[in-house]
Amino acid sequence: MQHWARRLEQEIDGVMRIFGGVQQLREIYKDNRNLFEVQENEPQKLVEKVAGDIESLLDRKVQALKRLADAAENFQKAHRWQDNIKEEDILYYDAKADAELDDPESEDVERGSKASTLRLDFVEDSNFKNKVNYSYTAVQIPTDIYKGSTVILNELNWTEALENVFMENRRQDPTLLWQVFGSATGVTRYYPATPWRAPKKIDLYDVRRRPWYIQGASSPKDMVIIVDVSGSVSGLTLKLMKTSVCEMLDTLSDDDYVNVASFNEKAQPVSCFTHLVQANVRNKKVFKEAVQGMVAKGTTGYKAGFEYAFDQLQNSNITRANCNKMIMMFTDGGEDRVQDVFEKYNWPNRTVRVFTFSVGQHNYDVTPLQWMACANKGYYFEIPSIGAIRINTQEYLDVLGRPMVLAGKEAKQVQWTNVYEDALGLGLVVTGTLPVFNLTQDGPGEKKNQLILGVMGIDVALNDIKRLTPNYTLGANGYVFAIDLNGYVLLHPNLKPQTTNFREPVTLDFLDAELEDENKEEIRRSMIDGNKGHKQIKTLVKSLDERYVDEVMRNYTWVPIRSTNYSLGLVLPPYSTFYLQANLSDQILQVKLPISKLKDFEFLLPSSFESEGHVFIAPREYCKDLNASDNNTEFLKNFIELMEKVTPDSKQCNNFLLHNLILDTGITQQLVERVWRDQDLNTYSLLAVFAATDGGITRVFPNKAAEDWTENPEPFNASFYRRSLDNHGYVFKPPHQDALLRPLELENDTVGILVSTAVELSLGGRTLRPAVVGVKLDLEAWAEKFKVLASNRTHQDQPQKQCGPSSHCEMDCEVNNEDLLCVLIDDGGFLVLSNQNHQWDQVGRFFSEVDANLMLALYNNSFYTRKESYDYQAACAPQPPGNLGAAPRGVFVPTIADFLNLAWWTSAAAWSLFQQLLYGLIYHSWFQADPAEAEGNPEARESSCVMKQTQYYFGSVNASYNAIIDCGNCSRLFHAQRLTNTNLLFVVAEKPLCSQCETGRLLQKETHCPADGPEQCELVQRPRYRRGPHICFDYNATEDTSDCGRGASFPPSLGVLVSLQLLLLLGLPPRPQPQVHAHASRRI
């Protein structure tokens, strides 16, 4: 076998030496040494420059934010409250007006809105990816808030003055994107004006539930939610509680910590979490699912619930927010005030706020609930029906904002958010936030107002930050990344969420964006701590197509981005320390004509392809006026047409990209001239030869081979290119095959196997890899050649020597193919070549799908190592709901006896049930765990999920190796050997003789994780390092806690209930009744 292995190695090396042209390309670069310079990437200088540029970009937004917040506070302070203000007195652009006019069932159309709504004209703006109007602001008001209420009209009145400040900001900084004021009343005023992107379902957008608003409106929170599940809490009330808890969880961000418990006589956590955990998306999902399993039984025991909550908050042995501490209790009522518990745990300092929620319609005395909230610096709320849930589960933020307002200027600090999806279509953004305070006083000498007016926000698109990072000088495998205090990436080439939900932040941890190891944990911790550093590490990287893992060397360099919570990192492979920069100045001086007249440009023209090979150019932004296209032929055409007009020194073009492209065009053409053109590819059964370069050229020869070329025209995004740079020797890449798809169709000799290798240059002691060259093997012809090379024949024309039972010759892979299985498998475990004709159409498949028994033996004998990881950005088809065709999940269903009982029909329970059912038809998402955001939208049919990925790579065994697979009644001998200077494993094995050998099967295919990846209950026991915001405002000695919801609820009358239901039955969305406790304090 070793003899066959040497023959295979020699054949591969011989073909690559003749056709790859590595040595010849080195000589071509040296011959053209006068046309380029070797530049150095200095990591420390690079990363500091980029960090400084990002800091400057964000600082401009900070100045705009401060101007807006100051102006808003002054405008509101000067505003005179009008009790008798009318809708017709206010003129503004209602962002949802156009959608409502188009919708005949809209509330405003039905009742005839009195508001004077502007009708605007819009122009398309590529920066906003939207149609905008720069002369006006737009206003968005949540669906469940009445636009004609006095509070809202006064809010619209004073915020109108912000329009001029928005416009002045844009005049000073034309790069500004959305400028937004989110009011604590729910009103959103944003600039420039654009129509609201209304979903086809009910629009549930409320600015107060957006991640950026929540972060800006209060300091981090440690929250314990306790839910009364005693026997009196049944049916509808329990459903209201479950929904309320889920809505409450949505008001928390990744800076917050939470736990949820249920209680009757005893208290217990609803989930597997036994302590406070970070309120990230995955943990909140665990809570939401667990809450649905709560069952009502037993008697009410407030003492058990509160003692559990206080114990949770006093646990100092866990990671937590260490700022605002609060208990949220949901109950249907009770008489016990548990004063002894508060005296023991919370008095006299009252460091824990208590918020109480009376849920459902009942006749219990609510005085004890009001007292608990008022005695512990909290607030009392009532949730009589589902329509009151959203508003009353978010208003607690007003109370938490009091210490911030009272702290004044000290609390006016800009915070930058996690990455999230912009609701108006900008894509992924981060937002700078600044709270806006109420500076009014109720009268001369009165206490200072302690209300937060809202939050000012300015968006920064991630693409604008990416533009500040070096693009192509870092090479294909170098990149810049940035993380926040939670370790979540702000920038990273692997930040590619397949689906985005604008209601949730995009939280990809640095250790999930890359393959985690101890070195990266140290780097992440250092970056979160705001340190600078540099470290060279050996690590694993996943290939672009996620099929392979390579062990590589990488240099990490990082610095903090000053004045922000972000830290910036740079990753460079050692071979990317240097890069080429074309120097075509001599040619440019000679040619004052368009670039198309430059030497070598002619080899980009399609007319040269027949003799020089087909050229694909990377779709880069060479010039501002270059029209992009996904079709490379069309992109090349657009490029050539533009070059007919552009001079070499044009300011609208990126000279580095443009000149390197032209340089590489000429260099690869010389490779054709010196090597490829005079060779007969058919002699060696080659379909094509090719070269790809850092400059963006991919040249494929002959021209006809380009018809079957499926690799990415951007070399930096081509898996073969990036892997070749990271691996020494020849890298084989079989065609990609999915086990679920039909086998390869071996027709017209178009199926090929790529073999590529990097070209390493050494110029003046500086080493770099500016190109990759390779060949494309004809699969069928090389399968035949493989059998000959792994046989006892010396060449293909020699007749086969039959080895019968009486002969004394060795068995080989050609003659004895009925007894021997001979295969070449690549380093990822994928089949490359086989001596079995029936396996040729399985080339490219994971070998376990071809011979599970043999692949398992190779793994068990350390030829392969396995790496498992999780993709937290995947998209999955939605699971069919289990209650399809049934009533909304969890709704109380009355019995026949109830329907026949007249008293039941006149009870509040009946009216409440009708309200719940009819609201459920309108607000369908309130009955669903994960609502799709927009019907009919293809992306909405998929939801984010976690996929488990498994890659295999070569293990520690390098030598030749024999082993026996013991299958009980029979055994199977195999011999395996790595082919030097390749990524191939040569395996010769006896064919399986008995079915018992079909034991285990290794899986490589990505699989869906129903439990959202690794077990969350285990992960929270070893939380990753993080730091919260540097500031905390949870206490102020002058805080007035007298406004605590005492007697503030608005009791519904039977007449109101009857009217409400009649409106609902007629199909008219009801005008929301104001909750007095929610808005009484909002008089401005």
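This is a predicted model: local features need pLDDT of at least 70, side-chain atom pairs count only at pLDDT 80 or more; totals for chains, interfaces and linings use all residues.
1. Helix α3 covers residues 43–78 and helix α7 covers residues 162–172; their axes come within 10 Å and cross at roughly 165 degrees. That angle makes α3 roughly antiparallel to α7, because angles over 145 degrees count that way. If you look at the handedness, α3 passes α7 in a right-handed crossing.

2. Which residues in α3 and α7 meet? On the α3 side they are A64, R67, L68, A71, A72 and F75, and their partners in α7 are L162, V165, F166, N169 and Q172. By type, the residues of this contact divide into 8 nonpolar, 2 polar and 1 charged.

3. Next, have a look at the nonpolar cores. The largest has 91 residues, and L858, F974 and F986 are those with the most contacts inside it. As background, nonpolar side chains tend to be buried together in soluble globular proteins.

4. Finally, step back to the protein chain as a whole. How many helices and strands does the secondary structure come to? There are 32 helices and 40 strands. The chain has 1084 residues, of which 58% count as buried. Taking contacts between residues at least 6 apart in sequence, 73% join residues at least 24 apart.

Definitions and conventions. Residues are numbered from 1 along each chain as its sequence is written. Side-chain values use heavy atoms; hydrogens and water are left out. Axes are lines fitted to C-alpha atoms, for helices over the stretch in contact, and angles run from 0 to 180 degrees between N-to-C directions. Helices (H or I, at least four residues) and strands (E, at least two) are DSSP runs, numbered from the N terminus. Angles under 35 degrees count as roughly parallel, over 145 as roughly antiparallel, 65 to 115 as roughly perpendicular and the rest as oblique. A crossing is left-handed if the near helix is turned anticlockwise from the far one by less than a right angle, and right-handed if clockwise. Contact means heavy atoms within 4.5 Å. Ala, Val, Leu, Ile, Met, Phe, Trp, Tyr, Cys and Pro count as nonpolar, Asp, Glu, Lys and Arg as charged, and the others, Gly among them, as polar. A nonpolar core is a set of buried Ala, Val, Leu, Ile, Met, Phe, Trp, Tyr and Cys residues joined through side-chain atoms within 4.5 Å. Buried means under 20% relative accessible area, exposed over 50%, partly exposed in between (1.4 Å probe, protein chains only).
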